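Please look over the sequence and the structure first.

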Amino acid sequence: MRIKSLSFLLIFFISIPEALPQSAQKKIDSLMQVAESANDSVRLRIYNRVSFYYIFNNPEKAKNLILKGIKQAEAKKVYFSEAELVNTYGIYYDVSGKSDSAKYYFEKALNLSEMHGYKVITAMVINNLGMFHWNKGSYEEALDYFFQALEMNKENTVDSEDGTYLNNIGLIYLEMGQYEKAEEYHKKALEVRKRYGDKKDIATSLSNLAIVLGVQDRNKESEQMFLEAMDLAKSENEQGKYFDVLNGLSKIYLKLNDPKKAIQLLEELIKGRNEHNIDRRSNLVAISRLIKIYNGSNNLNLALKYVEMGDQFLDEFPDSKNSVVEFFQNASETYFRNNNPLKGAEYLEKAISIKEEIFSTENANTIANLETKFNVAEKERNLAEARAKLTVQELEVERKNILVYGTSAAAIFIGVLGFLVYHQQKLKNSQLKKEAELKTALAKIEIQNRLQEQRLRISRDLHDNIGSQLTFIISSIDSLKYRLSDAGSAITDKLGSISSFTSQTIHELRDTIWAMNKADISVEDLQARISNFIEKANDSSEVDFQFHVDESLLNNCLFTSVEGMNIYRVIQEAVNNAIKHSGASQIQVSLSKNLVHTAMSNYSYKIEIVDNGKGFDVEKAELGNGIENIKKRAKDLNGKVEVVSETERGTTVKLVY
């Protein structure tokens with residue numbers, strides 16, 4: 001589990017269980033005594049700090065104190081404290097696992113801080129919204145919020161808070177597999193934190209750097225950095241950070257082939273987080289890792305125990321997407337090894353579905369552009385500062401000339417100087433514009449190269465990991481069918497159905513990998529893919545297939561990978577529907593430019609699938625999942641689909657976009 005950073009203004013943070021040590025309770029009591037005799041602003045700030053402490057140790061006390069503070073802030077019109085307390089109320093709900101309420105109060109705090117111009121609180125809330133989206137697996141939204149918080153923090157020149165946002169940006173890059181960028185941002189965060197001597201946050205940065213080293217197989221370096229982070233967390237009595245370090249170190253021990261140490265650390269951190277109610281939502285990572293360990297040692301009873309624990313966890317935290325893919329994959333293997341292929345296939349399907357949702361090509365494009373947007377904003381700010389300095393210098397020169405030469409001479413001089421400065425500035429602006437255009441073009445090329453590398457990495461991962469697992473499933477099912485050859489037909493038919501479903505999943509996975517490996521898909525690529533599909537359909541049926549592509553589209557028409565995949569899936573779905581339901585003897589597929597002047601004429605391309613089957617009454621028939629899938633893909637293309645059918649005269653599916 002990566003260690004995330006919350007941006008909170010606190011004098012202290014003591015992460016201790018509900019049974020408070022006497023020294024901690026004395027600090028709380030002392031602060032509350034100060035609050036009773038202090039002015040409104042100081043009292044409300046103390047309420048905020050104490051309630052934040054109670055969020056992790058006594059949630060009910062925290063809620064009551066926050067609500068008390070918000071009520072007083074509203075009555076006394078102390079808007080700064082109101083915004084601060086509402087933000088802390090959002091944290092209370094986020095820690096409690098109530099994400100909808102957390103989002104509501106974070107957005108309310110953001111509105112309050114922006115309304116009154118409290119930029120420090122605005123940056124904090126934006127960071128918290130980033131972590132809210134991170135917990136839901138929405139990486140592009142999270143990264144956007146973190147860059148916004150970093151940019152706003154630089155505007156406010158609160159340099160000590162940069163470490164929080166740099167740390168979180170590094171974690172998102174780590175999630176996306178961009179390890180060099182992750183290491184770069186974590187080192188920047190560590191540099192800031194060492195400069196200000198914050199040991200708790202130094203421990204966080206050390207732990208996250210250790211994680212980056214670990215994924216690059218620099219395991220001994222990673223172990224040493226984890227141990228250093230562990231010592232710091234202990235010395236600062238930071239139990240939450242200590243548990244996070246245990247989790248990361250357990251992964252390194254697994255890579256160093258020492259599962260006993262890993263199991264000991266994982267069991268300690270699950271027990272500790274549950275007992276002290278510290279970041280319990282992170283336990284799914286440890287649960288998934290224990291399942292994997294016990295699968296590897298063939299201890300299926302213990303593996304099933306932790307699968308059940310993970311299911312209970314997801315009932316409590318249903319929107320925890322960050323680690324759920326690994327959990328579903330490991331649980332799938334447990335059930336297959338335990339001779340339960342139906343449950344195994346169910347969990348594997350969940351893993352594939354969520355992985356595709358998180359790592360879509362669209363998300364990769366969005367995330368790659370976010371850092372560019374931040375860098376451009378930073379360059380614009382630096383340029384504005386340089387221009388401001390130049391303006392000050394010019395004013396100083398003008399003042400001296402007026403004193404030396406007098407009013408009339410100064411007027412002439414200023415006119416000439418103004419013209420020269422204007423001309424020089426015009427030339428300089430022109431040069432800066434050209435340099436900016438060149439840098440932007442180079443940045444776009446670099447981004448495209450990184451996107452292509454990312455697509456290749458993801459496709460290799462899908463092919464090597466998921467593809468091999470699906471092949472293993474088919475082999476296992478065929479083996480079961482052979483062993484159960486004397487069993488009833490219901491069992492062998494069910495196994496055959498599962499094998500067929502898994503084979504189809506492999507074909508669809510290969511189609512997805514084909515699309516992901518291409519930045520653009522030409523009509524020729526699409527034609528070859530569709531022709532291959534039609535040839536396979538020909539082999540399994542007696543239908544006469546005809547496929548035609550308008551010559552005007554060849555050699556000069558490119559689709560994005562997403563467009564090409566959607567067009568291919570629409571044709572595939574329509575052809576399959578015709579084969580299964582129409583009884584047709586002929587199916588025609590055509591791809592052409594849309595030249596017809598109708599209500600659908602505002603689109604550029606037209607795809608038609610026509611069969612001569614028995615047809616149906618469109619108004620009365622209940623359309624199945626096939627037509628609904630076609631309509632959904634048409635919507636994704638920003639296009640329109642039309643289904644025309646007459647009884648005994650066949651069916652036409654027309655897509656334009």
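## Helix α3

Helix α3 covers residues 59-76, has 18 residues and reaches 26 Å from its first C-alpha to its last, close to the 26 Å expected at 1.5 Å a residue. The expected span is 1.5 Å times one less than the number of residues. Helices (H or I, at least four residues) and strands (E, at least two) are DSSP runs, numbered from the N terminus.

This is a predicted model: local features need pLDDT of at least 70, side-chain atom pairs count only at pLDDT 80 or more, and totals for chains, interfaces and linings use all residues. Residues are numbered from 1 along each chain as its sequence is written, and side-chain values use heavy atoms, with hydrogens and water left out.

The buried residues of α3 are Ala62, Leu65, Ile66, Gly69, Ile70 and Ala73. Here buried means under 20% relative accessible area, exposed over 50%, and partly exposed in between (1.4 Å probe, protein chains only). Seen down the axis of α3, its buried residues fall within an arc of 140°, so they line one face of the helix. The arc is that of the directions from the helix axis to the C-beta atoms. The exposed residues Lys71 and Ala75 are on the face of α3 turned away from its buried side. Just after α3, Lys77 takes a positive phi of about 60°.

## Glu223

Glu223 lies in helix α11 (residues 219-235). Glu223 counts as buried because its relative accessibility is 10%. Its side chain is joined to that of Tyr253 by a polar contact of 3.4 Å; such a contact is a pair of N or O atoms within 3.5 Å, and within protein one must be able to donate a hydrogen and the other to accept it, while residues adjacent in sequence count only if both atoms are side-chain atoms. Not counting residues up to four places away in sequence, Glu223 touches Leu249, Ile252, Tyr253 and Leu256. Contact means heavy atoms within 4.5 Å.

## The sheet

An open sheet of five strands has the order β2-β4-β5-β7-β6, with mixed pairing. Two strands pair if DSSP finds at least two bridges between them. The edge strands, β2 and β6, each pair on one side only.

| Strand | Residues |
|---|---|
| β2 (edge) | 544-549 |
| β6 (edge) | 640-646 |
| β5 | 605-611 |
| β7 | 650-656 |

Strands β5 and β7 run antiparallel and are joined by six bridges. Asp611 stands opposite Thr651 in β7.
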